[in-house]
Amino acid sequence: MSCVHYKFSSKLNYDTVTFDGLHISLSDLKKTIMAREKLKAADCDLQITNAQTKEEYTDDNALIPKNSSVIIKRIPIGGVKSAGKTFVIDRSEPASGTSKAVCKTKIQSEPFLDLLHLSCYF
């Protein structure tokens with residue numbers, strides 16, 4: 001019996017997948033891990049990286065040698081999608097005299113990335 005040791009990036013300890021042969025294909029490893037961890041293929045995909053070399057396995061036909069250790073990350077199907085929400089707030093207040101203070105605030109919201117752009121003119 002051959003084995004591959006795996007752990008999710010958020011876990012401390014490795015678990016083991018056993019198989020026959022000298023290697024296991026990436027697709028077979030993903031299926032086995034998803035079944036063991038009770039994950040649904042429709043909800044997420046697995047990103048698998050070699051723990052020693054940091055090489056990411058991307059080809060489902062790639063062969064992972066026995067006794068390898070890999071790090072697993074769950075990723076959404078289709079990758080991370082942008083929320084695409086943009087909020088523009090325009091605040092205009094007349095100041096005393098002939099000058100006018102105008103503040104424009106633009107907030108762009110995306111997953112893992114919140115940008116706050118402030119531009120004030122006096």
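**Close-up views of the sheet, its helix and the core**

**View 1. Strands E4 and E5 side by side.** E4 (44-50) and E5 (56-57) are antiparallel partners joined by two bridges; strands count as paired if DSSP finds at least two bridges between them. Look for Ile48, which faces Tyr57 of E5. Strands (E, at least two residues) and helices (H or I, at least four) are DSSP runs, numbered from the N terminus. This is a predicted model, in which local features need pLDDT of at least 70 and side-chain atom pairs pLDDT 80 or more, while totals for chains, interfaces and linings use all residues. Residues are numbered from 1 along each chain as its sequence is written, and side-chain values use heavy atoms, leaving out hydrogens and water.

**View 2. The open sheet.** Its five strands follow the order E2-E1-E7-E4-E5, with mixed pairing. E2 and E5 are the edge strands, each with a single partner, so one side of each has no neighbour in the sheet. E1 and E7 run parallel and share four bridges, with Tyr6 opposite Val70 of E7. E4 and E7 are antiparallel over seven bridges; here Cys44 has Pro76 of E7 as its bridge partner.

**View 3. Ile33 and the nonpolar core.** The largest such core has 19 residues, and Ile33 is among those touching the most other members. A nonpolar core is a set of buried (under 20% relative accessible area, 1.4 Å probe, protein chains only) Ala, Val, Leu, Ile, Met, Phe, Trp, Tyr and Cys residues joined through side-chain atoms within 4.5 Å. H1 (26-36) gives the most to this core, four residues. Leaving aside residues up to four places away in sequence, Ile33 contacts (heavy atoms within 4.5 Å) Tyr6, Phe8, Val17, Leu46 and Ile72.

Terms used:
Buried < 20%, exposed > 50% of the residue type's maximum accessible area, 1.4 Å probe, protein only.
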